[in-house]
Amino acid sequence: MKKLLLLFLIIGSVNVIKAQEGEKWQPQIHYTGYLNSVIEYSDHADTSVLGLANPKHLGIGLAQAGFLVTYKPLEKLEVKSTLVYSPWVRSWHDVVIETFGIYSFNPGFKLGAGKFLTPLGPSNLYFYAPLNPSGVLPMVVSHHIFFPQSISGVQIAGEFGDNLKINYNATYGNFYITDHLESGVLGIQGQEEIIPFSGPYEVYEGNRPLSYLGGSGRLSFEYQEMFKLGLNIFEGSEYNLVILDPATGAPDSFEPAKQTSLGVDLGLNIKNFELNAEYWTASNKTTESATEYSIEYKGYHAELIYNGDKFKPWVRYEYIEDAKALFTDGSLIDLPFVSYSGGVAYRPIFETIFKIEYRRVMVEDYQKTAFTNFKDYNYYLFSMVFSF
């Protein structure tokens, strides 16, 4: 990893060499990066919230630092790497979001190998802070229980059409379970409904995360940058399903399971208004246990953005139900959540963004569950993003 970082520093010190029209191809290098510092406040008062013994209400600090580099030694060969650091990373597997090489035989067929940001849904493909007016990802994306953030393996992709563009992408390989991925400085982001399980439950073996085999596929349609439709699928070996004892609530067994996730995303861009929406459903079924256990998830969100010259106000609605406790007698405890949020991003110059955001997180019908001590809460964020 030290050698890899050294290579990035060497590449980053080289000036971009642009190929002149009509001249022989020259290697091209492009690098960019950003720092995202935030001020967060939440009024969650119950000590059980987020599994924290002493919950913090106010946090100020560096939420994310990213560095992206692209190198094209040949006209049809591209090598790309993306490093993103946050206070909650547990290993280099979390930092290295992408590192791959891809060769374009033609626009309709590209073949690559390495580690890829899972090409499912626009929110996962463009989660970098400088690209979004919001400082908090939709729960259906940040939880990553529907699909992993990245897959290491092989990828084929391509694009067809002019006014109506058709894109396809298929990636297959190993991935690491991240479940509900914390972010921000308080660690609230991505942990909205993990409360009943007392914090993140990422599957680790010592300090090394367990990897699994799976694949993703995406087919998208875009008409003159006004209308976008995406169809997505992910299938792979999931972390072991935890089956609880109904008498004690303690884990009774850990059963290997297989997961299938289906998603659809929609985008409309009319004049200065942009509407984005995603819907996901998933099923996780045991594959080796004598008794078959199954859990189903679903989540969706919709957001409306006004793309002004410097100001981008936006609103978002989210619903998700993926915090479930499964018992040996087949009973299930479900904790669905909804969130209402809104904010504005101000970009005085291209390299700088200021974001202000408010979020209301609410649990639906918590009185019907065993977790009656959980409370709704408010969340506030001020973000400063500096990029280069």
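Is Tyr319 buried or exposed? Tyr319 is buried, as its relative accessible area is 9% (buried is under 20%, exposed over 50%, partly exposed in between, with a 1.4 Å probe and protein chains only).

## Basis of the model

This is a predicted model, in which local features need pLDDT of at least 70 and side-chain atom pairs count only at pLDDT 80 or more, while totals for chains, interfaces and linings use all residues. Residues are numbered from 1 along each chain as its sequence is written, and side-chain values use heavy atoms, leaving out hydrogens and water.

## Aromatic pairs

Rings of Phe, Tyr and Trp (its six-membered ring) pair if their centres lie within 6.5 Å; planes under 30 degrees apart are stacked, over 60 edge-to-face, and the rest tilted. By this rule there are 19 aromatic pairs. Phe146 and Tyr297 form an edge-to-face pair, because their planes stand at 75°, with the ring centres 6.3 Å apart. Phe146 is in the loop between helix H4 (139-142) and strand S6 (150-160), and Tyr297 is in strand S14 (residues 294-306), 151 residues apart. Helices (H or I, at least four residues) and strands (E, at least two) are DSSP runs numbered from the N terminus. Phe146 and Tyr297 are both buried.

Tyr300 and Tyr319 are stacked, at 5.2 Å centre to centre and 20° between the planes. Tyr300 belongs to strand S14 and Tyr319 to strand S15 (residues 311-321), so the pair ties together parts 19 residues apart in sequence. Tyr300 is partly exposed, at 29% relative accessibility. Ring pairs join Tyr279, Tyr300, Tyr317, Tyr319 and Tyr340 into a cluster.
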